[in-house]
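Open the model in your viewer and keep the sequence panel beside it. The tour below moves from one selection to the next and says what is found at each stop.

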Amino acid sequence: MTRSTPAPEHVQQLSGASVRGSDGEHVGRVRDIYLTDATGELAAITVTIGRLRGRVVLVPEVAIAPGSLAELVSTPSQHITLVVDAAAARAGDPPPPTAHADPQTLLRAARALGIEEAPRA
């Protein structure tokens, strides 16, 4: 499946973006952006769920609906849509404490969302 990663100058637009599940229900907002070390492409985002003391979950790039990032960049008022529903996204794994997500961490996060496809390393 081909995915569209925003150009480096557009990655910052992801910060604070609204995130919705495949069911259209609001999940939360983008907190952090993880890029691959070798290529600078999007590897994952973290999503804050709730306002006060919100839970934070790691969402690998494979969980973002194809075309969703391109739409966000071209229409900033839009949101990021996931390939899993909001309930599954809210139940995802927390991000690593080191702010570095290795391939195994991304794979575990994908599986926690019910996705068996291996995330890009």
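Begin by selecting Thr105, which is found in helix H4. This is a predicted model, and what is described here should be read with that in mind. Is Thr105 buried or exposed? Thr105 has a relative accessible area of 12%, and because the cut-off for buried is under 20%, Thr105 counts as buried. If you leave aside the neighbours within four places in sequence, the residues in contact with Thr105 are Leu58 and Pro96.

Now extend the selection to the whole of helix H4, residues 103-112. Together with Thr105, the residues Leu106, Leu107, Ala109 and Ala110 are buried in H4, and the cover over these buried residues includes E3 and E4. At the start of the helix, look at Asp102, where a side-chain oxygen reaches to within 3.1 Å of the backbone nitrogen of Gln104. Just after H4, select Gly114, which takes a positive phi of about 85°.

Ala99 has a phi near 65°, which is a positive value in a residue other than glycine. With a relative accessibility of 57%, Ala99 counts as exposed, because the cut-off for exposed is over 50%.

Turn next to the strands and colour them one by one. In what order do the five strands of the open sheet lie? The order is E4-E3-E2-E1-E5, and the pairing is mixed. The edge strands are E4 (55-60) and E5 (80-81), each of which pairs on one side only. Helix H4, where the tour began, packs on this sheet and touches E3 and E4, and the direction of H4 makes about 105° with that of E4.

Select strand E3, residues 42-49, together with E4: these two strands run antiparallel and are joined by six bridges. Within this pair, Ile49 stands opposite Arg55 in E4. As background, the strands of a sheet pair through backbone hydrogen bonds, either parallel or antiparallel.

Move along to strand E1, residues 18-20, and select Ser18, which lies in this strand. Ser18 is buried, with a relative accessible area of 13%. Show the side chains here, and you can trace a polar contact of 3.2 Å between those of Ser18 and His26. Leaving aside neighbours within four places in sequence, Ser18 is in contact with His26, Gly28, Arg29, His79 and Ile80.

Finally, clear the selection and view the whole protein chain, whose secondary structure comes to four helices and five strands. Read from the N terminus on, the elements run α-β-β-β-β-α-β-α-α. Among the contacts in the chain with a separation of 6 or more, 52% are accounted for by residues 24 or more positions apart.

Technical notes: Residues numbered from 1 in each chain as written. Predicted model: local features only at pLDDT ≥ 70, side-chain atom pairs only at ≥ 80, totals over all residues. Heavy atoms only, no water. Contact = heavy atoms within 4.5 Å. Buried < 20%, exposed > 50% of the residue type's maximum accessible area, 1.4 Å probe, protein only. Polar contact = N/O pair within 3.5 Å; in protein donor to acceptor, adjacent residues only side chain to side chain. Pairing = 2+ DSSP bridges. Axes fitted to C-alpha atoms, helices over the stretch in contact; angles between N-to-C directions.
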